[in-house]
Every structure is written in C-alpha cells, then in structure tokens.
Amino acid sequence: MSDTVIKKGSFSLGVRRDLAWPIGAIVSFLLPAMLVYVAFTAYPVLRTLFNSLHQVLPGRPNVFIGAENYIELFKDEFFWQAVKNTLVWACTAPLLEQFLAILLALALYAKIPGARFFRVVWFTPVLMSFVVVGIIWMWIFNYDWGAVNVILRELGLENWIRSWLGDPSTALPSLIFVTTWMWTGFNMVVLLAALHSLPSEVLEAAELDNCSWMKKLWFVMVPLIRPTILNLIVLSFVGKMKVFDLVWIMTKGGPLWSTETVSTYVYKRAFEWSTFDLGYPCSIASVWFIIVLAGVLLLTFLFRQRGKLEY
Amino acid sequence: MSIFLRKWKHAVLIVVLSVYTAYAAGPLFWVSMMSLRTTTEIAHNPYAFPQKFHVGKFAEAWVNSNYSVYFTNSVKVVLCAVAIVTLIGGMAAHCFARYRFPLRKVLYFTLFSTIIFPPQITIIALFQILVEYGLYNTLTGLTLTYVAFQLPITVYVLESFFARIPSDLYDAARMDGYSEWRIFWKVSMPVALPALSTTVILNTILLWNEFLYAVVLITDETKRTLPLGIQKFMGDQLEDIGMIATGLMIAIIPVVVIYIFFSEKLIQGMTAGAVK
C-alpha cells in the first residue's frame, strides 16, 4: 500500500517537472547553441545546396543554371576516379582496423603482463594531427632512407623496394596503411571496454560447458560485442568517406589521381584550380553529402536487419 | 608437454605484441629522436640515437621559424573555442536533458545528426559567408567555426550525463527557490564535472589537430595555427629534415603532456561517441 503511494508520489513529481516548462529559461539556454548552429552549420549547408544549382563567380551575381553542374559532374572522370578511391578506402580500412583491433583487444583481455602500458601506447597514434602523421609517414615511405625500404633491404627483399608514394599502384594502399596505423588502437580500446563489460555469468556458463577458449571466443564473446564492432565499422566508414588531411599532406591526390579522394577534389576545384566557380564544387559536395548519409543509413539498416534475423 | 606448448604460445604472443608496439610507437619515437639531431647527423644515419642533444633547435624553431606565432594562435583559438563550446553546449545539453518541451526531440536530432556530415558540405559556403562578414582570415572566424564543429559531440556527451543526474537534486534545488539559471550553475555543472572535463579534453585535442577548416579559412602568415605552420614550413624547407622534426615535436609535446596526465580521461573522451 505504502509502496504505491510512494510510487504515485514520485510519479506526480515527475509529471510536475515534465509539465513545467519555463519557456524563458528554455529559450535562453538553447539560444546561443542554436544561433551558432544556424549560422555556421545549417545556413552553410543550405547555401551549398543552393550554390550547386548556380554558377558562383566572385564579385558577380549568381547565375541559375539548373542541373548543369550535376550533368557535368556525371561526365567528370576525375570525380569518378575520386569516388572510386574513396570507396576503396572506406570499404577496406574499416575491416582492416577491426580485424587487427579485435586481435589486439583479445590479447589484452587475456590479461597479459603490461596490458595497461600496451593499451596506452597503442592508443597514441590517434592523438596526433594528420599533418604530423602525414609528414612522418612520408619520411617512412621515402625511397632512399625511409624505414620501409631500409627494413626490406635488411631482409634481402630488394625487389620489393619501390617509391611507395610515387607509384600509382602502391600510393593508395600506403595511405590506407597509415590510417590503419592511426585508428587500430582507438578501435582496440573501444572493443576492450566492450569485452570488459560482458556479463561474467555468460562467460562462466560457457566455461562450465567445457567450451574451449577458441569456441568461447567465437561463439560467445564475438557475438556479444557485435553491436560495438558494427558501430565502429560505421564510424570508421564515415571517417574514411571524409578523408582529406592525410592525402593533402602526403600526396595531394597524386600520382596520376591515384589517391584523389572526393574531399581533396572538392578542395582543388574550389580553391586551387583557376576556374573560380564555386558552384561546381558545391554540387560535388552535395552529391557526396547524400551518398554519405545514404551509406550510413544503409549500413545501420543492414546491421539492424542481421541482428533481427539471428535473434 | 602442455606447459612447453603454453610457453611457446606465450613467446609467440609476446613477439607479436612487441612488433605491433614497435609499429604503433616507433614512428613517434623516431621523430622525437630526430628532433634533437641536426640534419647533417640525420643524413649520415637516420636511425641513430642523438650523440649530443641539440635542445637549442627548439629555441631556433620557436624564434626564427615563426613557431611562436603559430603556437600562440593555436592556443588562443583552441582555448576560446573550447571555453565557448563547453558553455553553450552545456547550456543546450542541460536544456535537452532536464526539460520537456515541444520540438525537443526534433531539435536534438537536427543538432546531433550533423556529427556524420562531411565537412565539405559546409566549408565552401562557410568560406563565402565569412568573407561577407569580414571574418575570413581572422582567428575569430576560425574560433566560431570550431565552436559549431564541436557543438554536436559536446551536446551529445553532456546530454547523456545530465539526463542521468537524479531528479531529487533538482527538486531540492527548486524547493529552495533556485532560479533555473542558478540550478544550471549550482547543480548541473558541478555534478557534471567529470563529463565536462571529458569534453574539454576531447575538444582540445581535436581542435589542436584540426587542419581542413584552418587551411580554407586562414591564409595570413601571422594567423596560421600550428598544423598550417608546419605544412608551410615543410613546403619551404623540404630538405631540412631535422628542423621539420623539431617543428613536429612542438605540435606533439602538448598533446603528449595532456595524455600523460589525463590518459584515462582522454581515452574515455575519444571513445565517448563510439560506445553507446
């Protein structure tokens, strides 16, 4: 009896809070954030979409040209090359990172000595600026004295030696290698946290059932942390779809467009090429914006779907 | 036999982990060594320990290569942006977490969804807008852009924290006749100190390293932030490996110092968005 009274009491308290909305306070709390959001995010997004339908030249009124930019875009082979490179990046790097990160996380989960030290060290690369990372790895890939070629020479693999960033066939894989270096530790830390938060009863039950370590891993632990893995894949996918800094520092999209990404191409068309028209790069950005959103929605949908099917 | 096998497995594991550690930490360690050596020494052998610590190189980069300017600009922009984004993000997060009002969900979702936006969708228009308002090529313009850029993640992290504060605290404050603002300052903010420090550290690191917005919105030599300065220096002094390495270390050291003191906080912050 007294229980219900208390419940009712707290419930009504909750309702009081819910209904009481001091409009003045709410507006003043939200206003600064919303102003910044509207001025520096919402308005620029709308303006980009608007620009994409116009010819935008500095010091001249915008000229409405309808879908012309988009038609040109469709025929632009550099754009398609950039799309291809970016998609290759966005589809391979997340899987690579996850694969390595799971192995490393399991190693640390098995309570090897010095686990805390390893965790802190492995996480470090992600804290560095892309500019710093890019320059360091340009040196590592240097033909004459870079670590990669030095190590290959030491190992006697002379015919593997090449100019990693100067060769169109190895430039993109080299860059993917660098992003993997940066992000694996990050993914590992997240996975480790997920592993540590697994309910111990389930793991103990598996042990009682005489599960081998590998079986326990594959049938119990990995399925349980799957939501985290999928989240990380989406996060990494989005990150790679935006990749700009590293390419800009290391290769500027070259050699022969082999590392051009959509982001670098937008930048080039807007600020480097002397076309001066801002409308066309805006149409690239708009198309890419929609593709990224669609990709994220698709991935989330697919992953949800699989979850439903299996449970 | 099985003990032997276990030991052997153990050895393999240790080797693999050591190799990965060398891969993860090696490049940074190498740069820190090179930053203390002269270019001639490096040209002689890139992979040696410093014979003599040329600490003076840091002073030289600081004074002669404008690193003092870049560093000050970075500090100014990052401090201001982080302070503003923490304040207005905290206010918005408090509002989303503690009041129920019409459009609450819509507004929150609109703000939150920008996390996945590629920066290109705003950057060209931002360039135009800042030019029109006379904020192009100013640190103010860059700071405001950074505030907008980090706002969604800040609100997201803080909102989930504010929402978990027991409402008894708020009820008690209301009974004591606190105004809504006072509640924000005296209840929400102090209780949320752990989450606040997480966002502050996260935003500091991300903005310290930011490059794309800076490269588009800043061209003036005296307004460059550190990443821009390093890129420029790299372009000008392509051959002077030793000096470039010193410049890199100037950008790396603050991050490493923060990491040494707040490694757990920093890891928490960086991974906040990933674990739901």
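**Exercise 1. State how chain B is divided into domains, and how far apart the domain centres lie.**

Solution. Chain B comprises domain 1 (2-34) and domain 2 (63-271), with bounds that come from an automatic or database domain assignment. The C-alpha centres of domain 1 of chain B and domain 2 of chain B are 35 Å apart.

This is a predicted model, in which local features need pLDDT of at least 70 and side-chain atom pairs count only at pLDDT 80 or more, while totals for chains, interfaces and linings use all residues. Residues are numbered from 1 along each chain as its sequence is written, and chains are lettered from A and ligands numbered from 1 in the order in which they are written.

**Exercise 2. State the division of chain A in the same terms.**

Solution. Domain 1 of chain A covers 2-51 and domain 2 covers 75-310. Their centres, taken over C-alpha atoms, are separated by 36 Å.

**Exercise 3. Report the confidence of the prediction for each chain and for the complex.**

Solution. Begin with pLDDT, the predictor's confidence in each residue, from 0 to 100. Chain B averages 87, and 97% of its residues score at least 70. Among the elements of chain B, helix α2 (residues 39-44) has the lowest mean pLDDT (80), and helix α4 (residues 67-98) the highest (94); helices are DSSP runs (H or I, at least four residues), numbered from the N terminus. Chain A has a mean pLDDT of 84, with 91% of its residues at 70 or more. Over residues 1-19 of chain A the pLDDT is below 50, and this stretch has three contacts in the model beyond near neighbours in sequence. Here two residues are in contact if their C-beta atoms, placed from the backbone, lie within 7 Å. For the complex, the predictor gives an ipTM of 0.88 and a pTM of 0.88.

**Exercise 4. Describe the side of chain B that touches chain A.**

Solution. Contacts join 66 residues of chain B to 71 residues of chain A. On the chain B side, 49 are nonpolar, 13 polar and four charged. Nonpolar means Ala, Val, Leu, Ile, Met, Phe, Trp, Tyr, Cys and Pro; charged means Asp, Glu, Lys and Arg; the others, Gly among them, are polar.

**Exercise 5. Determine how helices α12(B) and α13(B) are oriented, and which residues make their contact.**

Solution. The axes of α12 (residues 226-236) and α13 (residues 241-271) of chain B come within 10 Å and cross at roughly 175 degrees. Axes are lines fitted to C-alpha atoms, for helices over the stretch in contact, and angles run from 0 to 180 degrees between N-to-C directions. The two helices are therefore roughly antiparallel, a term for angles over 145 degrees. From α12(B), the contact uses B:Leu226, B:Ile230, B:Phe233 and B:Met234; from α13(B), B:Ile244, B:Gly247, B:Leu248 and B:Ala251. By class, seven of these residues are nonpolar, one is polar and none is charged.

Notes. Parallel < 35°, antiparallel > 145°, perpendicular 65-115°, else oblique.
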